[in-house]
Amino acid sequence: MEKGKITISPISLDITSGQLSGSPIMQSCRKIADLKDVFKDENFRSQMVQDDLVYSVQAYLPEEEGTSGGLYFGTTIIHPGKIGDEYFMTRGHFHARRETGEFYWGIKGSGILILMDEKRNVRAEEMKQGSLHYINHCTAHRVANIGSEPLVFNACWPSDAGHDYDEISNNGFAARLVEKEGKPFFLDENEG
Ligand code: PAN
Ligand code: ZN
């Protein structure tokens with residue numbers, strides 16, 4: 001590093017919108033078509049407009065995937081909506097390296113962070129602007145948007161965490177968040 005030289009970080013974060021700008025930023029989006037078998041009512045999902053966006057992720061990944069000691073940063077935007085009575089939500093995952101945790105924090109909107117340990121115990125935290133969430137190691141995590149505006153949150157996780165989506169696609173979460181009488185309500189995995 002050249003002594004005394006002050007440079008500008010290549011990435012900036014708009015802290016009011018959560019939007020990242022600069023380069024390199026990875027962008028991905030999940031449409032209705034990408035979420036087969038994620039929601040309870042697969043038949044309902046299959047009949048929706050397949051091109052509609054459910055959520056998008058921007059991520060700044062300054063280290064090679066798998067590097068120990070590094071960190072990643074991301075912004076997730078979940079659009080408002082439901083598939084049947086189940087709120088739009090992320091696929092959810094365990095980290096491939098189960099010993100790694102993560103921070104999430106709310107930027108705007110209204111949501112629920114759903115957490116599940118390896119014994120399938122589920123708990124949940126309300127997400128809103130300024131809410132800060134520590135996701136313990138060995139804990140699957142998924143977020144549902146329960147409001148009528150986009151839900152935006154930031155995340156910071158280790159660059160060697162990896163993502164295990166298979167465990168959740170095979171076994172799901174032990175509870176699902178549905179709207180009942182206008183309010184969020186957890187349905188046990190065995191309930192309709
Ligand atoms: C987040 C998530 C993001 C999208 O950055 O990856 O919110 O959710 P899914 O990955 O479950 O589709 C994170 O938890 N990273 O580890
Ligand atoms: Zn994660």
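1. Start with Tyr165: one of its polar side-chain atoms sits 2.4 Å from an oxygen atom of ligand 1. That makes a polar contact, meaning a pair of N or O atoms within 3.5 Å. Once on its own, ligand 1 has 400 Å² of accessible area, and the protein covers 95% of that (areas come from the Shrake-Rupley method with a 1.4 Å probe).

2. A word on what you're looking at: this is a predicted model, where local features need pLDDT of at least 70 and side-chain atom pairs count only at pLDDT 80 or more, while totals for chains, interfaces and linings use all residues. Residues are numbered from 1 along each chain as its sequence is written, chains are lettered from A and ligands numbered from 1 in the order written, and side-chain values use heavy atoms, with hydrogens and water left out.

3. Tyr104 has a side-chain N or O atom 2.6 Å from an oxygen atom of the ligand, and for Thr76 the distance from a polar side-chain atom to a ligand oxygen is 2.8 Å.

4. Which residues are closest to ligand 1? They are Tyr55, Thr76, Gly92, Tyr104 and Tyr165, out of 15 that surround it (a residue counts if one of its heavy atoms lies within 4 Å). By type, this shell has six nonpolar, seven polar and two charged residues; note that Tyr is counted as nonpolar here and Gly as polar.

5. Strand 4 (53-60), strand 8 (102-108) and strand 13 (151-158) each give the shell at least two residues. Strands here are DSSP runs of E, at least two residues long, and helices are runs of H or I, at least four, all numbered from the N terminus.

6. Zooming out, the protein chain has two helices and 15 strands. Its radius of gyration, 17 Å, is close to the 16 Å that the globule rule gives for 192 residues, so the chain is as compact as a globular protein of that length (taken over C-alpha atoms; the rule is 2.2 Å times the number of residues to the power 0.38). The C-alpha trace spans about 65 × 35 × 30 Å along its principal axes.

7. A few backbone spots to check. Most residues other than glycine have a negative phi, and most peptide bonds are trans. The bond from Ser23 to Pro24 is cis, with omega near 5°, and Pro24 lies in the loop between strand 2 (20-22) and strand 3 (26-31). Cys138 has a positive phi, near 55°, in the loop between strand 11 (132-135) and strand 12 (139-145).

How values were computed. Polar contact = N/O pair within 3.5 Å; in protein donor to acceptor, adjacent residues only side chain to side chain.
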